[in-house]
Amino acid sequence: MTDTTLEAPRTIVVIGGGQAAGWIVKTLRKEGFDGRLVMIADEAHPPYERPPLSKAVLAGEADIGTVRLVKPEDFAALDIEAWQPERAASIDRAQRIVRTESGREVQYDRLVIATGGAARRLPDAIVNTPHITYLRTLDEAVALGERLRASQNVLVIGGGWIGLEVAATARKLGVAATVIEGAPRLCVRSLPPVVSEFLLQLHRANGVNVHVGASLVSLDRHPDDASRVRATLADGTTLDADFAVAGIGLAPHTAMAEAAGLAVADGIVVDEFGATSDPRVFACGDVANHPNAWLKRRVRLESWANAQNQAIAAAKAMLGSTEPYADIPWFWSDQYDVNLQILGDIPTDAELAVRGDIAAKKATLFHLDNGAIRGVIAINTARDLKLARKWMNQGRTVDLATLTDTSAALA
Ligand SMILES: Cc1cc2nc3c(=O)[nH]c(=O)nc-3n(C[C@H](O)[C@H](O)[C@H](O)COP(=O)(O)OP(=O)(O)OC[C@H]3O[C@@H](n4cnc5c(N)ncnc54)[C@H](O)[C@@H]3O)c2cc1C
């Protein structure tokens, strides 16, 4: 909660230099904050957006110029002390000081932790090859893209969003791709079975060799060529490739917050204004766990829209706004000729009303509760999702027959 008894901030320090950090500094200046603004970021690049990393950047079609959040001249105009590349090491809340790994320190009136997370690593015990890569940063995406374009085939470990987008980009580049997923279906945590099945068929139709329910036992040097890899599955199947990419989730960067005594539970615990258990310290983006009004529960979201809008709300709250962050969760993915968007609450066992034809790659799936839309999955139907978002925000009830009747446009 915005603590109105605190003095107005003169120095605001932001740890992190990603999308959420970028929106914090942009919004603070836009809202008129003219004090000292320090951004401590361990990547050398100015704030940039990550969604293109598994798509256009990986395909070699985009670079830092197209993904940066703020144009260089506009960034300079924000008058930020950007400590980059510099890694924050600790937070002393009693003295309100952030110390960095290189020994610098800065005192804050307000602190924002926007540290995102790191790609989860496979356990060392099962990896016996250096030819395994991960994807989180721009530099990793550029390196992975170069490697992909020089390869014949790639093994993707993990059938979640990042793994599937990497596989789709590989196919686009003419590289053979194999995906192994331990769960019985793709994107098991975020999709109902019917959409997982749709993605499975989509990838298979595009030539990806997908193994679901496939438990990886080890990833080794190929016995005949140590520059290649061999994966062994629990059932004894072996799969060979030039190299492997793992997309097995995100580990939020919470250690520093935890060491500073802030509440942490699947992310840094914040309220609807982005404030942590210390009213001088805020957190937002992938690292923050917030009470979501639409879902009616706490959640840590890993999405572009959340990184932007939660950061905007937190920046305004630091300057005294009492408007809570209350967006309906929204995420999208692009794979082949499919744009898939998820809005709101879709329990994986939700009953879904289908408008259109899933197999024809044009369908909208609605999860209803007493005639009101709780969540939507749009497969190449961005317009339907936009309309549904409006109705959801208005709390409007809808008629099932009208929703599913494709002979009449939604209106
Ligand atoms: C490959 C990829 C594809 C994606 N595609 C989509 C998509 O299609 N649709 C969608 O909705 N979302 C997508 N996302 C998710 C979206 O990009 C993230 O939700 C968003 O980037 C989160 O922003 P953030 O600022 O919270 O964290 P980040 O972008 O991770 O930024 C955090 C920054 O803080 C730095 N940092 C961490 N610790 C420290 C420290 N101690 N000191 C200094 N700096 C530190 C990190 O290195 C990093 O640069 C994708 C993400 C990835 C990785």
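This is a predicted model: local features need pLDDT of at least 70, side-chain atom pairs count only at pLDDT 80 or more; totals for chains, interfaces and linings use all residues.

Reader: How many helices and strands does the chain have?

Author: The chain contains ten helices and 27 strands. Its radius of gyration is 22 Å, close to the 22 Å that the globule rule gives for 411 residues, so the chain is as compact as a globular protein of that length. Along the principal axes, the C-alpha trace spans about 60 × 60 × 40 Å. Buried residues account for 42% of the 411 residues.

Reader: Which domains does the domain assignment give?

Author: The assignment gives domain 1 (11-118 + 251-318), domain 2 (124-248) and domain 3 (337-404). Between the C-alpha centres of domain 1 and domain 3 there are 32 Å.

Reader: Which residues of the largest nonpolar core touch the most other members?

Author: That core has 59 residues, and those touching the most other members are Val-154, Val-156, Ala-167, Ala-244 and Val-376. Helix α5 (residues 161-172) gives the most to this core, namely seven residues. Apart from it lies another core, of 50 residues, including Ile-12 and Ala-283.

Reader: With which residues is Val-156 in contact, leaving aside its neighbours within four places in sequence?

Author: The contacts of Val-156 are Gly-163, Val-166, Ala-167, Ala-177, Thr-178, Val-179, Val-245 and Gly-247. For the chain, residues 24 or more positions apart supply 62% of the contacts with a separation of 6 or more.

Reader: Why is strand β2 described as largely enclosed by the rest of the structure?

Author: A residue is counted as buried if 20 or more other C-beta atoms lie within 10 Å of its own. In strand β2 (residues 36-40), four of the five residues are buried, so the strand is largely enclosed by the rest of the structure.

Reader: Which strands pair with β2?

Author: Strand β1 (residues 11-15) pairs with β2 in the parallel sense over five bridges, and Leu-37 in β2 is the bridge partner of Ile-12. Strand β3 (residues 81-83) also runs parallel to β2, joined to it by three bridges; there Met-39 has Ala-82 as its bridge partner. Together, β1, helix α1 (residues 19-30) and β2 make a right-handed β-α-β unit.

Reader: Which residues does the cis peptide bond join?

Author: The bond joins Gln-84 and Pro-85, with omega about -15°. Pro-85 is placed in the loop between β3 and β4 (88-92).

Reader: Where is Tyr-336 placed, and is this residue buried or partly exposed?

Author: Tyr-336 belongs to the loop between β23 (330-335) and β24 (338-344). Its phi is near 55°, a positive value in a residue other than glycine. With 17 other C-beta atoms within 10 Å, Tyr-336 is partly exposed. Asn-380 also has a phi near 55° and is placed in the loop between β27 (372-379) and α9 (382-394). Asn-380 counts as partly exposed, with 17 C-beta neighbours inside 10 Å.

Key:
Residues are numbered from 1 along each chain as its sequence is written. Domain bounds come from an automatic or database domain assignment. A nonpolar core is a set of buried Ala, Val, Leu, Ile, Met, Phe, Trp, Tyr and Cys residues joined through C-beta atoms within 7 Å. A residue is buried if 20 or more other C-beta atoms lie within 10 Å of its own, exposed if 12 or fewer, and partly exposed in between; C-beta atoms are placed from the backbone. Helices (H or I, at least four residues) and strands (E, at least two) are DSSP runs, numbered from the N terminus. Two residues are in contact if their C-beta atoms, placed from the backbone, lie within 7 Å. Two strands pair if DSSP finds at least two bridges between them. A crossover is right-handed if, with the strands pointing away from the viewer, the path from the first strand over the helix to the second runs clockwise. The radius of gyration is taken over C-alpha atoms; the globule rule is 2.2 Å times the number of residues to the power 0.38.
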